[in-house]
Amino acid sequence: MLPLDIPDLAGELALIDAETAPDEYDAFTFGRWVSYVLANESGAQNDSAFRPHSGELTTTDLGDRLPGIMAFVRRHFTTTALQWVRIFGLQDGILAPHRDFLEFDRPGVRVQVPLRTSEGSLHSENSTVYHLRAGEVWQIQTVDPHSAYSAPGPARLSLCLDFAGDGFDPERDIHHTIPATDDVRIMRRPPISEQEIAGLVDTLGPLTRESAKSIFRALAITHFERASDATDVFTWFKRAATRCGDEKLIALAEDFRVFCLEKRAWRESFTW
């Protein structure tokens, strides 16, 4: 845990709420998810396509306008290997289960600290769904299938720090922590049967090009509500495609699974 010792945190979060950002990762996004860049190699705020780099960390215009949050980063983290500072915003939305860093030979280390969250904001990793409390420091296992969901309401805003390679050691590089007062919040979800899955697919209606994204979103939300693995969403989606009998939609379902979990190039997009 870290104390959110940021002067005028509410004011800086309100500034983020009013900000716009490129939709670099909209292929993974269902609802509103935004990546606000506070620091990167170029110092350009619209340079939002993550990639490792060996240059200096340069604050963007947005980072300059958020001095409290940037001071928080420098106060509580060793920044020698820090490459990117971003704020992830998620509001009434969900991310497709995915694996990060597929585009690169060597994964880095990603740390998140929620700055504003609610009970309706959840993360998942493999078959586990959990809630990140404000001020908790989480090292996200980005090479495992993972997802995030946020209910309607104010956007969940989470500080995201990306460190180069193995240049981050939590015992060494996190400073001025405070004791955690609560155990990690793991969400209990009732099991889901094969009959229920089949019924859910029926209820969502026929899969078409026009309905594909809304059906995938509904299936992805089910992962957060019922005991299942993150990758099960793609199995359910392909089942819906198979039932419609359209070979192009079956291929679409398989291609999206590969794009999210197995292989993609840097800045590769996906066409629904």
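Author: Between domain 1 and domain 2 about 1700 Å² of area is buried, and carbon and sulfur atoms give 71% of that. Buried area here is the accessible area, found with a 1.4 Å probe, that two parts lose on being put together, summed over both. Phe-30, Ile-94 and Pro-97 supply 33% of what domain 1 buries against domain 2, more than any other three residues.

This is a predicted model: local features need pLDDT of at least 70 and side-chain atom pairs count only at pLDDT 80 or more, while totals for chains, interfaces and linings use all residues. Residues are numbered from 1 along each chain as its sequence is written, and side-chain values use heavy atoms, with hydrogens and water left out.

Domain 1 covers 9–186 and domain 2 covers 194–262; these bounds come from an automatic or database domain assignment. Their C-alpha centres lie 28 Å apart. Contact (heavy atoms within 4.5 Å) joins 24 residues of domain 1 to 18 residues of domain 2.

One salt bridge is found across this interface. The term means a side-chain nitrogen of Lys or Arg within 4 Å of a carboxyl oxygen of Asp or Glu. The partners are Asp-92 and Arg-217, with their closest N and O atoms 3.2 Å apart. On the domain 1 side that touches domain 2, strands E1 (29–40), E3 (82–95), E5 (121–125) and E8 (146–150) each supply at least two residues. Strands (E, at least two residues) and helices (H or I, at least four) are DSSP runs, numbered from the N terminus. By class, that side of domain 1 has twelve nonpolar, nine polar and three charged residues. Ala, Val, Leu, Ile, Met, Phe, Trp, Tyr, Cys and Pro count as nonpolar, Asp, Glu, Lys and Arg as charged, and the others, Gly among them, as polar.

The whole structure has 20 salt bridges.
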